[in-house]
Amino acid sequence: MYAIVRAGGRQEKVAVDDVLTVDKLSGEAGSTVTFPALLVVDGDDVVSSADQLARYQVTAEILGAVKGPKINIMHYRNKTGYKRRMGHRQPYTEVKITGIEAGK
(Lines give C-alpha, C1' and ligand atoms only; values in the text may rest on other atoms or scores of the structure.)
Protein backbone atom coordinates (compact mmCIF):
# COMPACT_ATOMS: atom_id res chain seq x y z
CA MET A 1 0.00 0.00 0.00
CA TYR A 2 1.25 3.46 -0.88
CA ALA A 3 -0.12 6.97 -1.20
CA ILE A 4 0.66 10.22 -2.95
CA VAL A 5 0.58 13.08 -0.44
CA ARG A 6 1.04 16.84 -0.62
CA ALA A 7 3.93 17.89 1.57
CA GLY A 8 5.11 21.48 1.44
CA GLY A 9 4.02 22.36 -2.08
CA ARG A 10 5.34 19.12 -3.57
CA GLN A 11 3.82 15.72 -4.07
CA GLU A 12 5.58 12.70 -2.60
CA LYS A 13 5.02 8.96 -2.98
CA VAL A 14 5.01 7.43 0.52
CA ALA A 15 4.61 4.01 2.11
CA VAL A 16 4.71 2.98 5.77
CA ASP A 17 8.20 3.34 7.35
CA ASP A 18 9.47 5.70 4.61
CA VAL A 19 11.62 8.62 5.75
CA LEU A 20 11.00 11.91 3.91
CA THR A 21 12.64 15.29 3.90
CA VAL A 22 9.95 17.97 3.59
CA ASP A 23 9.84 21.75 3.99
CA LYS A 24 10.23 22.99 7.55
CA LEU A 25 7.24 22.08 9.74
CA SER A 26 6.31 23.57 13.08
CA GLY A 27 6.52 20.94 15.75
CA GLU A 28 9.06 19.17 17.88
CA ALA A 29 10.77 15.83 17.39
CA GLY A 30 8.46 12.99 18.35
CA SER A 31 5.21 14.79 17.56
CA THR A 32 2.87 13.57 14.82
CA VAL A 33 1.60 15.33 11.71
CA THR A 34 -0.97 14.37 9.09
CA PHE A 35 -0.70 14.91 5.34
CA PRO A 36 -3.62 15.13 2.88
CA ALA A 37 -3.75 12.13 0.54
CA LEU A 38 -4.16 12.82 -3.17
CA LEU A 39 -4.14 9.18 -4.30
CA VAL A 40 -4.13 5.85 -2.44
CA VAL A 41 -3.12 2.54 -4.05
CA ASP A 42 -3.86 -0.67 -2.14
CA GLY A 43 -2.93 -3.64 -4.33
CA ASP A 44 -5.27 -3.44 -7.33
CA ASP A 45 -7.59 -0.92 -5.64
CA VAL A 46 -6.90 2.72 -6.63
CA VAL A 47 -8.71 5.49 -4.73
CA SER A 48 -8.66 8.91 -6.39
CA SER A 49 -12.07 10.51 -5.84
CA ALA A 50 -12.18 13.37 -3.35
CA ASP A 51 -15.06 12.02 -1.25
CA GLN A 52 -13.31 8.67 -0.72
CA LEU A 53 -9.90 10.28 -0.11
CA ALA A 54 -11.37 12.37 2.71
CA ARG A 55 -11.56 9.19 4.80
CA TYR A 56 -7.82 8.41 4.51
CA GLN A 57 -5.26 9.68 7.01
CA VAL A 58 -1.53 9.62 6.32
CA THR A 59 0.25 10.12 9.63
CA ALA A 60 3.93 10.78 10.19
CA GLU A 61 6.28 11.28 13.12
CA ILE A 62 8.73 14.18 13.11
CA LEU A 63 12.28 12.89 13.47
CA GLY A 64 13.98 16.27 13.61
CA ALA A 65 15.31 19.26 11.73
CA VAL A 66 17.90 18.87 8.97
CA LYS A 67 19.61 21.28 6.60
CA GLY A 68 19.85 21.07 2.85
CA PRO A 69 23.05 21.33 0.82
CA LYS A 70 25.14 24.49 0.92
CA ILE A 71 24.48 26.85 -1.97
CA ASN A 72 27.24 29.37 -2.74
CA ILE A 73 26.30 32.69 -4.31
CA MET A 74 28.92 35.01 -5.82
CA HIS A 75 28.24 38.63 -6.77
CA TYR A 76 30.92 40.20 -8.95
CA ARG A 77 31.11 43.46 -10.87
CA ASN A 78 33.89 43.89 -13.36
CA LYS A 79 36.52 46.66 -12.98
CA THR A 80 35.11 48.02 -9.69
CA GLY A 81 36.67 45.71 -7.11
CA TYR A 82 33.23 44.62 -5.97
CA LYS A 83 33.09 40.98 -5.00
CA ARG A 84 30.69 39.44 -2.49
CA ARG A 85 30.23 35.83 -1.41
CA MET A 86 27.10 34.54 0.29
CA GLY A 87 25.90 31.09 1.28
CA HIS A 88 22.56 29.50 2.08
CA ARG A 89 21.33 26.22 3.61
CA GLN A 90 17.60 25.60 3.46
CA PRO A 91 16.00 24.22 6.66
CA TYR A 92 14.01 21.01 6.25
CA THR A 93 12.18 18.59 8.55
CA GLU A 94 12.72 14.85 8.41
CA VAL A 95 9.57 12.76 8.96
CA LYS A 96 8.86 9.03 9.12
CA ILE A 97 5.54 7.75 7.78
CA THR A 98 3.81 5.74 10.52
CA GLY A 99 0.48 4.84 8.94
CA ILE A 100 -1.94 5.07 6.05
CA GLU A 101 -5.39 4.32 7.44
CA ALA A 102 -8.94 4.54 6.16
CA GLY A 103 -11.31 6.10 8.68
CA LYS A 104 -15.11 6.07 8.78
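These legends accompany close-up views of a predicted model.

Residues are numbered from 1 along each chain as its sequence is written, and side-chain values use heavy atoms, leaving out hydrogens and water. Because the model is predicted, local features need pLDDT of at least 70 and side-chain atom pairs count only at pLDDT 80 or more, while totals for chains, interfaces and linings use all residues.

**View 1. Four strands side by side in an open sheet.** Let us begin with the strands, which are DSSP runs of E with at least two residues, numbered from the N terminus. Here 4 of them form an open sheet in the order β2-β1-β5-β6, with antiparallel pairing. The edge strands are β2 and β6 (45-47), each pairing on one side only. From one strand to the next, the twist averages 15 degrees; this angle is taken between the N-to-C directions of axes, which are lines fitted to C-alpha atoms, and can run from 0 to 180 degrees.

**View 2. Strands β1 and β5 joined by bridges.** Two strands count as a pair if DSSP finds at least two bridges between them. How many bridges join β1 to β5? There are 4 bridges between strand β1 (residues 2-7) and strand β5 (residues 37-42), and the two run antiparallel. Look for Ile4, which stands opposite Leu39 in β5.

**View 3. The hairpin of β8 and β9.** These two strands pair in the antiparallel sense over 7 bridges. Tyr76 has Lys83 in β9 as its bridge partner. The hairpin has 4 residues between the strands, and Lys79 is placed in this loop, between β8 (71-77) and β9 (82-88). Lys79 counts as exposed because its relative accessibility is 78%; the cut-offs are over 50% relative accessible area for exposed, under 20% for buried and in between for partly exposed, using a 1.4 Å probe and protein chains only.

View 4. Most residues other than glycine have a negative phi. Asp17 lies in the loop between β2 (10-14) and β3 (19-23). Is Asp17 buried or exposed? With a relative accessibility of 52%, Asp17 counts as exposed.

**View 5. Thr93 and its surroundings.** Thr93 belongs to strand β10 (residues 91-102) and counts as buried because its relative accessibility is 4%. A polar atom of the Thr93 side chain lies 3.0 Å from the backbone nitrogen of Leu25. Leaving aside neighbours within four places in sequence, Thr93 is in contact (heavy atoms within 4.5 Å) with several residues, including Leu20, Val22, Leu25 and Ile62.

**View 6. Leu20 in strand β3.** With a relative accessibility of 9%, Leu20 counts as buried. Again leaving aside neighbours within four places in sequence, its contacts include Glu12, Val14, Thr93 and Ile97. Ile73 is 53 residues apart from Leu20 along the chain, and their C-alpha atoms are separated by 27 Å.

**View 7. Charges over rings at Tyr2 and Tyr82.** A charge sits over a ring if NZ of Lys or CZ of Arg is within 6 Å of the ring centre and within 35 degrees of the ring normal. Lys13 lies over the face of Tyr2, 4.4 Å from the ring centre. Over the ring of Tyr82 sits the charged end of Arg77, 5.1 Å from its centre.

Key
Polar contact = N/O pair within 3.5 Å; in protein donor to acceptor, adjacent residues only side chain to side chain.
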